[in-house]
Amino acid sequence: VGFFDPLGFTADGSVENFKRRRQTEIKHGRVAMLATMGYITPEITGKLPGYLSPSTGVKYDDIPNGLGAISKVPAAGWGQMISYAVFC
């Protein structure tokens with residue numbers, strides 16, 4: 001691809017820093033694409049049937065997409081997601 005840097009972020013000329021920045025940018029782009037698909041997919045395909053939390057009566061359809069889901073998911077659900085992320 002070459003060494004393209006129109007804003008001069010790699011003015012020091014370090015090839016290692018340039019390669020690290022390129023790799024980081026690719027990684028962040030991929031994460032952004034996955035996040036976009038995670039937001040769009042439930043809108044297109046619909047949500048799972050059944051209950052997210054049977055004890056509190058929260059169905060999957062009750063959970064909105066995006067940031068609105070933060071306040072709707074029960075605390076035990078967030079605990080499960082965090083513990084899964086930590087241990088895996």
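Modeller: We can start with the whole chain and then go down to single residues. Keep in mind that this is a predicted model.

Colleague: Fine. How many helices and strands are in the protein chain?

Modeller: The protein chain has three helices and two strands.

Colleague: And in what order do the elements run from the N terminus?

Modeller: The order is α-β-β-α-α. The radius of gyration is 20 Å, while the globule rule gives 12 Å for 88 residues, so the chain is more spread out than a compact globule.

Colleague: What box do the C-alpha atoms fill?

Modeller: Roughly 60 × 30 × 20 Å, along the principal axes.

Colleague: How much of the chain counts as buried?

Modeller: Of the 88 residues, 11% are buried.

Colleague: What about contacts between residues at least 24 apart?

Modeller: They make up 5% of the contacts between residues at least 6 apart in sequence.

Colleague: Switching to surface. What is the accessible area of the protein chain, and what share belongs to carbon and sulfur?

Modeller: The area is about 7,400 Å². Carbon and sulfur atoms account for 64% of that.

Colleague: And charges? How far apart are the mean positions of the positive and negative ones?

Modeller: They are 4 Å apart. The chain carries 9 positive and 7 negative charges.

Colleague: Now helix H1. What span should it have, and what does the model give?

Modeller: H1 covers residues 15–45, which is 31 residues. At 1.5 Å a residue it should span 45 Å. The end C-alpha atoms are 44 Å apart, so the two agree.

Colleague: What follows H1?

Modeller: Gly46 does, and its phi is positive, near 95 degrees.

Colleague: Pick a residue inside that helix. Is Leu34 buried or exposed?

Modeller: Leu34, which is in H1, has a relative accessible area of 65%. The cut-off for exposed is over 50%, so Leu34 is exposed.

Colleague: How far is Leu34 from Leu48?

Modeller: Their C-alpha atoms are 19 Å apart in space. In sequence they are 14 residues apart.

Colleague: And Gln23, buried or exposed?

Modeller: Gln23 also lies in H1. It is exposed, with a relative accessible area of 58%. From Gln23 to Thr36 the C-alpha distance is 20 Å, over 13 residues of sequence.

Colleague: Let's go upstream. Where is Phe9?

Modeller: Phe9 sits in the segment before H1. Its relative accessible area is 59%, so Phe9 is exposed.

Colleague: What separates Phe9 from Arg21?

Modeller: Twelve residues along the chain, and 9.7 Å between the C-alpha atoms.

Colleague: OK, strands. Which residues make up S1?

Modeller: S1 is residues 51–53, with Ser53 in it.

Colleague: Is Ser53 buried or exposed?

Modeller: Buried means under 20% relative accessible area. Ser53 has 11%, so Ser53 is buried.

Colleague: What does Ser53 touch, leaving out residues up to four places away?

Modeller: Val58 and Pro74.

Colleague: Last one, helix H3. Which residues, and what span?

Modeller: H3 runs over residues 75–87, 13 residues in total.

Conventions. Residues are numbered from 1 along each chain as its sequence is written. This is a predicted model: local features need pLDDT of at least 70, side-chain atom pairs count only at pLDDT 80 or more; totals for chains, interfaces and linings use all residues. Side-chain values use heavy atoms; hydrogens and water are left out. Helices (H or I, at least four residues) and strands (E, at least two) are DSSP runs, numbered from the N terminus. The radius of gyration is taken over C-alpha atoms; the globule rule is 2.2 Å times the number of residues to the power 0.38. Buried means under 20% relative accessible area, exposed over 50%, partly exposed in between (1.4 Å probe, protein chains only). Contact means heavy atoms within 4.5 Å. Accessible areas come from the Shrake-Rupley method with a 1.4 Å probe; for residues, only the protein chains shown count as cover. Lys and Arg count as positive and Asp and Glu as negative; His and the chain ends are not counted. The place of a charge is taken as NZ of Lys, CZ of Arg, CG of Asp or CD of Glu. The expected span of a helix is 1.5 Å times one less than its number of residues.
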